[in-house]
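Dear colleague,

Please find the structure for your review below. A summary of the findings follows it.

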Amino acid sequence: MTNTNITTFRKNVFDYVNQAVLYGEPVSVSTKHGNAILLSEEDYNSMLETLRLSAVPGMEKSLLEAAEEPLENCLPYDPKEPW
């Protein structure tokens, strides 16, 4: 994570936004009133989805179990099949 102050951020806002969007690198901006974090929209949406999934009872356990399942035991992917 890159750290900067608000004055430097203001001078280089385009570069910092590109850093977040193109490279997925969060930027911490410090001000005298507190700090703010700049994230890409994609990273922000991914974080929200993770929080939503974590809120579903039993979802974490289910995901961990699925991650341990050997691939040869899984069904092949068919984009024409509904979930």
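**Strand pairing**

Strand S1 (residues 2-5) pairs with strand S2 (residues 27-31) in the parallel sense, over four bridges; two strands are said to pair if DSSP finds at least two bridges between them. Within this pairing, Asn3 stands opposite Ser28 of S2. S2 is also joined to strand S3 (residues 34-38) by five bridges, and these two strands run antiparallel. Here Ser30 has Asn35 in S3 as its bridge partner.

**Basis of the description**

This is a predicted model, in which local features need pLDDT of at least 70 and side-chain atom pairs count only at pLDDT 80 or more, while totals for chains, interfaces and linings use all residues. Residues are numbered from 1 along each chain as its sequence is written, and side-chain values use heavy atoms, with hydrogens and water left out.

**The chain as a whole**

The chain holds four helices and three strands, in the order β-α-α-β-β-α-α from the N terminus. Helices (H or I, at least four residues) and strands (E, at least two) are DSSP runs, numbered from the N terminus.

The C-alpha atoms fill a box of roughly 55 × 30 × 20 Å along the principal axes. Of the 83 residues, 11% count as buried, that is, under 20% relative accessible area with a 1.4 Å probe, protein chains only. Among contacts (heavy atoms within 4.5 Å) with a separation of 6 or more, 35% are between residues 24 or more positions apart.

Yours sincerely

Key
Buried means under 20% relative accessible area, exposed over 50%, partly exposed in between (1.4 Å probe, protein chains only).
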